[in-house]
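Please read each point against the structure shown below.

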Amino acid sequence: IRKAYDLGLHRDVGISKHSPNAIVSRTETEVRLRAWWGCFIMDIMVSATLGRPTTIHDFTFDAPFPTDYGDD
């Protein structure tokens, strides 16, 4: 989870598009979103299994849900 935060997967890349270093392709955006939501779901599942609080809180990220881009 910490690495996902370090990589900025929790952020909506559309917010930082004004920075030339932050522009990413649509494919990379989808991969980032899917990785983030995979971490999010895993955090919930592990927390529920172990009876511990979740690490990710709703107010700490703004990444939208992934789309069906590239799913054939």
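1. Leu50 is exposed, with a relative accessible area of 59%. Exposed means over 50% relative accessible area, buried under 20%, and partly exposed in between, with a 1.4 Å probe and protein chains only. Leu50 lies in helix H2. Together with Ile41, Met42, Met45 and Val46, Leu50 forms a nonpolar patch on the surface, and the accessible area of the patch is about 490 Å². Patches are made of residues with over 30% relative accessible area and no salt bridge; nonpolar side chains (Val, Leu, Ile, Met, Phe, Trp, Tyr) are joined within 5 Å, like charges within 9 Å. Accessible areas come from the Shrake-Rupley method with a 1.4 Å probe, and for residues only the protein chains shown count as cover.

2. On the basis of the values: this is a predicted model, in which local features need pLDDT of at least 70 and side-chain atom pairs count only at pLDDT 80 or more, while totals for chains, interfaces and linings use all residues. Residues are numbered from 1 along each chain as its sequence is written, and side-chain values use heavy atoms, with hydrogens and water left out.

3. The chain has 2 helices and 0 strands. Helices (H or I, at least four residues) and strands (E, at least two) are DSSP runs, numbered from the N terminus. Of the 72 residues of the chain, 24% count as buried. The chain exposes about 5300 Å², and 59% of that area is supplied by carbon and sulfur atoms. Among contacts between residues at least 6 apart in sequence, 71% join residues at least 24 apart; contact means heavy atoms within 4.5 Å.

4. How many salt bridges does the structure hold? There are 2 salt bridges, a salt bridge being a side-chain nitrogen of Lys or Arg within 4 Å of a carboxyl oxygen of Asp or Glu. One of them joins the side chains of Arg11 and Asp62 at 3.4 Å, N to O. Arg11 lies in the loop between helix H1 (2-6) and H2 and Asp62 in the segment after H2, so the pair ties together parts that are 51 residues apart in sequence. Arg11 is partly exposed at 38% relative accessible area, and Asp62 is partly exposed at 26%.

5. Glu30 and Arg34 also form a salt bridge, with their closest N and O atoms 3.7 Å apart. Both residues lie in helix H2, 4 residues apart, about one turn of the helix. Glu30 is buried, with a relative accessible area of 7%, whereas Arg34 counts as partly exposed at 35%.

6. Two buried charged residues deserve a look. Arg32, in helix H2 (residues 26-50), is buried yet has no salt bridge; the nearest side chain of opposite charge is Glu28, 4.7 Å away. Lys and Arg count as positive and Asp and Glu as negative, while His and the chain ends are not counted. Leaving aside neighbours within four places in sequence, Arg32 is in contact with Leu7, Gly8, Leu9 and Val13. Asp43, also found in helix H2, is buried without a salt bridge, and the nearest side chain of opposite charge, Arg52, is 9.8 Å away. Not counting residues up to four places away in sequence, Asp43 touches Ile1, Thr54, Thr55 and Ile56.

7. The count of aromatic pairs comes to 6. Rings of Phe, Tyr and Trp (its six-membered ring) pair if their centres lie within 6.5 Å; planes under 30 degrees apart count as stacked, over 60 as edge-to-face and the rest as tilted. The rings of Tyr5 and Trp36 have centres 5.3 Å apart and planes at 70 degrees, so the pair is edge-to-face. Tyr5 lies in helix H1 and Trp36 in helix H2, so this pair ties together parts that are 31 residues apart in sequence. Tyr5 is partly exposed at 23% relative accessible area, and Trp36 is buried at 0%.

8. Trp36 also pairs with Phe61 in a tilted arrangement, 5.4 Å centre to centre with 55 degrees between the planes. Phe61 is in the segment after H2 and Trp36 in helix H2, so the pair ties together parts that are 25 residues apart in sequence. Both Trp36 and Phe61 are buried. Ring pairs link Tyr5, Trp36, Trp37, Phe40, Phe61 and Phe65 into a cluster.
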